[in-house]
Amino acid sequence: MRSLSSSQQIKGLIGWLVLAYFAAAIGAIDSVNAASFYEVLQQPAWTPPAWLFGPMRMTLYGLMGIAAWLAWREPGARLALVMFVE
């Protein structure tokens with residue numbers, strides 16, 4: 001792990017979370033009508049309800065931001081982070 005001060009680590013975490021949630025916001029804007037489309041599809045009985053996708057997306061993107069932050073703290077993770085951002 002790189003030697004970063006606590007304030008640098010907190011700023012890094014916030015930055016990666018902002019980036020991840022920005023990507024989530026773009027996806028949410030693009031899928032405004034997804035719930036109505038999802039309801040008309042033929043679905044098996046075990047299909048999750050449409051309202052569950054929002055909280056799960058927030059959780060997923062939050063965990064992606066934390067994972068990127070953890071990688072950012074490690075030397076040699078530049079390629080992985082470039083791929084994450086692209």
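I take helices (H or I, at least four residues) and strands (E, at least two) as DSSP runs, numbered from the N terminus. By that rule, Ala 24 sits in helix α1.

**Ground rules.** I am working on a predicted model, where local features need pLDDT of at least 70 and side-chain atom pairs count only at pLDDT 80 or more, while totals for chains, interfaces and linings use all residues. I number residues from 1 along each chain as its sequence is written, and side-chain values use heavy atoms, with hydrogens and water left out.

**Entry: Ala 24.** Is Ala 24 buried or exposed? I call a residue buried under 20% relative accessible area, exposed over 50% and partly exposed in between (1.4 Å probe, protein chains only). Ala 24 has a relative accessible area of 5%, so I log it as buried. What does Ala 24 touch, not counting residues up to four places away in sequence? I find Arg 57 and Tyr 61 (contact means heavy atoms within 4.5 Å) on its list. I also checked Leu 60: it is 36 residues from Ala 24 in sequence, and the two are 9.2 Å apart in space, C-alpha to C-alpha.

**Entry: Ala 25.** I moved to Ala 25, also in helix α1. Ala 25 is at 34% relative accessibility, so it counts as partly exposed. From Ala 25 to Pro 44 I go 19 residues along the chain, and their C-alpha atoms are separated by 29 Å.

**Entry: α1 as a whole.** I get 25 residues for α1, with 36 Å from its first C-alpha to its last. That is close to the 36 Å expected at 1.5 Å a residue, where the expected span is 1.5 Å times one less than the number of residues. Which residues of α1 are buried? I list Gln 9, Gly 12, Trp 16, Ala 20 and Ala 24. Their cover includes α3 and α4.

**Entry: α3.** Gly 62, Gly 65, Ala 68 and Trp 69 are buried in α3. Why do they fall on the same side of α3? Because they cover an arc of only 120° around the axis, the arc being that of the directions from the helix axis to the C-beta atoms. The buried residues of α3 pack against α1 (6-30) and α4 (78-85).

**Entry: α1 against α3.** I find that the two axes come within 8 Å and cross at roughly 145°. Axes here are lines fitted to C-alpha atoms, for helices over the stretch in contact, with angles from 0 to 180 degrees between N-to-C directions. Residues making the contact include Trp 16, Ala 20 and Ala 24 of α1, and Arg 57, Tyr 61 and Trp 69 of α3. I sort the contact residues into 14 nonpolar, six polar and one charged. For that I count Ala, Val, Leu, Ile, Met, Phe, Trp, Tyr, Cys and Pro as nonpolar, Asp, Glu, Lys and Arg as charged, and the others, Gly among them, as polar.

**Entry: Arg 73.** I place Arg 73 in the loop between α3 and α4. Arg 73 is at 15% relative accessibility, so I log it as buried. Arg 73 and Leu 13 are 60 residues apart in sequence and 9.7 Å apart in space, C-alpha to C-alpha.

**Entry: Phe 84.** Last, I looked at Phe 84 in helix α4. Phe 84 counts as partly exposed, because its relative accessibility is 29%. Phe 84 touches Trp 16, Leu 19, Met 64 and Ala 68, leaving out residues up to four places away in sequence.
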